[in-house]
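Hi everyone, thanks for making time this morning. I'd like to walk you through one structure, starting inside a single chain and ending where two chains meet. Here it is on the screen.

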Amino acid sequence: MSESTLQKIAGYALLLLALLVFGSALLRYVFNWPIPDTLDFSRVLLGLSVFWGIALAASRSDQIQVDLLWDHLGPQARRLVLLLNQVLLLAFFLLFGVLVLEHVYHLYLTGKQTVDYRVPLWILYLPVLPAACLPAVLVARSMFKHRQGG
Amino acid sequence: MPVMIELLMAMSILIALLLLRVPVGLSMILVGFCGFALEAGLWPALAVVQQAIFHAATDEVFSVIPLFILMGALAFSSGISDDLFDASNAWFGQMRGGLALSSMAACGGFAAICGSSVASAATMGKVALPAMRERGYPADFSGAIIAAGGTLGVLIPPSVVLALYGILVEADIAQLFAAAFLPGLLALLGYMAVIYWMSIRDPRLAPSQSRFSLSAALRKLVSIWPTLALFLLVVGGIYAGWFTPTEAAAVGAIGLLGLGLITRKLNSERINSALAETALTTGKIFLIIIGAVVFSRYLAVSEVTSNLANAVSVMTVAPIFILIFILLFYLLMGAFLDALAVIVLTVPVVHPIIVELGYSEIWFGILLVIVIELGLITPPYGMNVFVLRGVSDDLPLIGVFKRLIPFIAMDLFRLALIVAIPWLALALPEMLA
């Protein structure tokens with residue numbers, strides 16, 4: 001999956017979230033009519049933008065890090081630090097994927113639904129599953145590339 | 001295990017992981033997860049990580065953060081900064097150091113829309129830095145002005161950092177934004193006073209002035225009225241209780257999108273770029289938020305922070321000295337670490353102490369943001385200065401840091417003033433409450 005696809009999914013989910021919250025506030029003031037299921041849908045849209053955003057950050061290997069020591073390390077030490085980081089990230093993202101899958105499966109088992117339209121929540125959360133599994137794949141691919149490249 | 005030793009061990013491992021360049025969020029998740037597993041077992045620890053992931057990613061309270069980031073990204077993409085700079089220059093350009101004063105005023109205006117210091121510095125750096133250099137302003141002085149002006153983004157509401165602090169300590173974000181208003185205004189006026197004083201003291205710093213024309217100044221003011229109106233709607237709406245902060249952020253983002261499309265300053269390419277930037281920042285920040293949730297759950301289950309707060313409360317040292325010590329600690333942290341990282345790493349530990357000492361968490365939030373703001377312009381890792389170096393390669397780093405000294409002195413004076421007179425931060429929230 002290309003980086004631009006990740007950007008589009010996460011970005012447009014956020015734009016939809018902004019439109020939904022804006023529309024909900026506007027309709028509440030102007031027509032005294034709240035959009036049904038705003039809360040559930042806004043949660044899903046936030047989840048979509050967060051999970052796909054995390055996948056995007058993983059695909060770019062772009063995280064908030066402290067470079068205090070890194071700037072003073074030699075090439076050998078940097079390789080070791082990089083390897084440690086990749087191993088930890090891979091372990092976490094594998095766990096991350098499993099936990100998200102388990103949570104969505106739990107939603108399926110419990111049959112939780114949105115308040116107004118009674119839409120099963122597990123269906124709404126299905127699009128986050130690829131995003132939750134993708135970071136581990138991306139980190140593993142990056143590790144493989146590093147090994148190939150030396 | 002004694003509480004202090006446990007806390008020291010957890011913090012030492014956390015710092016070691018951070019120094020090994022493990023992402024801040026992941027470091028907090030690892031330490032929080034292992035600590036929780038030791039306290040309560042492996043399965044409860046896994047459940048905590050799972051809850052943290054879904055709590056952070058699907059709790060509507062957190063929507064305020066990506067929405068304000070989106071608002072800032074759209075402000076950046078729509079070129080509002082150019083209009084603000086032109087309007088400020090039309091009003092202040094004729095004064096001694098007029099272009100520098102205009103740049104600072106525009107920084108304040110942009111900060112009010114943007115909410116991020118680094119984005120404010122980068123944006124205004126692209127607009128104001130070339131203009132000042134063209135008029136013969138020295139590179140170090142110009143760089144210092146934009147670096148200092150950029151810090152206003154983190155304080156002048158709406159502020160992403162302040163919103164995150166509010167979520168972490170479960171404080172009212174609207175009250176925090178109200179509390180930041182007067183200190184933010186003081187910061188802007190203080191910086192402008194510093195520029196004026198520096199320009200008078202050394203006229204070579206501000207070599208040329210433009211002529212004032214009331215009609216031109218009014219025209220420029222009219223050209224930025226939609227932006228001003230939107231800022232008033234967003235911040236005023238929160239203060240007046242019309243919107244929740246999340247709704248205000250959505251109003252700001254959609255308002256900027258609408259304005260940009262009407263004025264044709266935004267096209268699909270620019271909108272996509274703003275969305276992509278916001279998506280990436282959201283992903284990076286939310287990994288940290290997940291880490292903060294896991295870490296704070298560990299601190300809660302181990303009772304480390306409550307014991308620490310109790311220990312502090314029985315100390316015979318006057319609370320003000322403990323507060324000063326905490327602020328000095330933040331000053332140090334802010335010089336080395338990212339602002340968001342500093343907040344999520346330390347607030348779960350420090351907040352209970354502040355509450356135990358009897359201080360207002362709203363007031364402390366403002367002090368915290370001011371101290372972190374200082375870290376953005378303090379060597380060795382003054383982030384804003386390095387961001388500007390990215391905008392202009394020939395910016396002399398040491399020179400810029402030297403020129404920043406009066407601005408840092410002004411910040412310290414403002415900090416001391418708000419410590420001495422909490423009313424400056426608390427008056428507006430109390431009035432609105």
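Let's begin with Ser103(B). Leaving out residues up to four places away in sequence, Ser103(B) touches Phe85(B), Met124(B), Ala128(B), Met132(B), Ile145(B) and Ile146(B), where contact means heavy atoms within 4.5 Å. Ser103(B) sits in helix H6 of chain B, residues 98-114; helices here are DSSP runs of H or I with at least four residues, strands are runs of E with at least two, and both are numbered from the N terminus. Is Ser103(B) buried or exposed? Ser103(B) counts as buried, at 0% relative accessibility. Buried means under 20% relative accessible area, exposed means over 50%, and partly exposed is in between, using a 1.4 Å probe and protein chains only.

A quick word on what you are looking at: this is a predicted model, where local features need pLDDT of at least 70, side-chain atom pairs count only at pLDDT 80 or more, and totals for chains, interfaces and linings use all residues. Residues are numbered from 1 along each chain as its sequence is written, chains are lettered from A and ligands numbered from 1 in the order in which they are written, and side-chain values use heavy atoms, with hydrogens and water left out.

Now another serine, Ser78(B). You'll find Ser78(B) in the loop between H4 and helix H5 (80-92) of chain B. With a relative accessibility of 3%, Ser78(B) is buried too. Which residues does Ser78(B) contact, leaving aside its neighbours within four places in sequence? They are Lys265(B) and Leu266(B). Asn267(B) is 189 residues from Ser78(B) along the chain, and their C-alpha atoms are separated by 8.8 Å. The side chain of Ser78(B) also reaches the backbone oxygen of Leu74(B), at 2.9 Å. That is a polar contact: a pair of N or O atoms within 3.5 Å where, within protein, one must be able to donate a hydrogen and the other to accept it, and residues adjacent in sequence count only if both atoms are side-chain atoms.

On to the nonpolar side of things. The largest nonpolar core has 221 residues, and those with the most contacts inside it are Met104(B), Phe364(B), Leu404(B) and Phe407(B). Such a core is a set of buried Ala, Val, Leu, Ile, Met, Phe, Trp, Tyr and Cys residues joined through side-chain atoms within 4.5 Å. H15(B) supplies the largest share of this core, 17 residues. As for Leu404(B), setting aside neighbours within four places in sequence, its contacts are Ala144(B), Ala147(B), Ala148(B), Ile377(B) and Val385(B).

Next, charges. Side chains of opposite charge can pair when their charged atoms come close. Over all chains, the structure holds ten salt bridges, each being a side-chain nitrogen of Lys or Arg within 4 Å of a carboxyl oxygen of Asp or Glu. One of them joins Arg414(B) and Asp411(B), at 2.2 Å from N to O. Why are these two separated by about one helical turn? Because they are three residues apart in helix H22 of chain B, residues 405-420. Both Arg414(B) and Asp411(B) are buried, and salt bridges that share partners join Glu373(B), Asp411(B) and Arg414(B) into one network.

Finally, the place where the chains meet. There, 52 residues of chain B are in contact with 50 residues of chain A. The two chains bury about 4900 Å² between them, 76% of it on carbon and sulfur atoms; buried area is the accessible area (1.4 Å probe) that two parts lose on being put together, summed over both.

How many salt bridges does the rule find across the interface of chain B and chain A? Three. Arg43(A) pairs with Glu60(B), the closest N and O atoms being 3.0 Å apart. Arg28(A) forms a salt bridge with Glu247(B), at 2.7 Å between the closest N and O atoms. This pair crosses from helix H1 (residues 3-30) of chain A to helix H14 of chain B. Arg28(A) is partly exposed at 31%, whereas Glu247(B) is buried at 9%. Then Asp62(A) forms a salt bridge with Lys284(B), with 3.3 Å between the closest N and O atoms. Asp62(A) lies in the loop between helix H2 (38-59) and helix H3 (75-110) of chain A and Lys284(B) in helix H15 of chain B, so this pair joins two chains.
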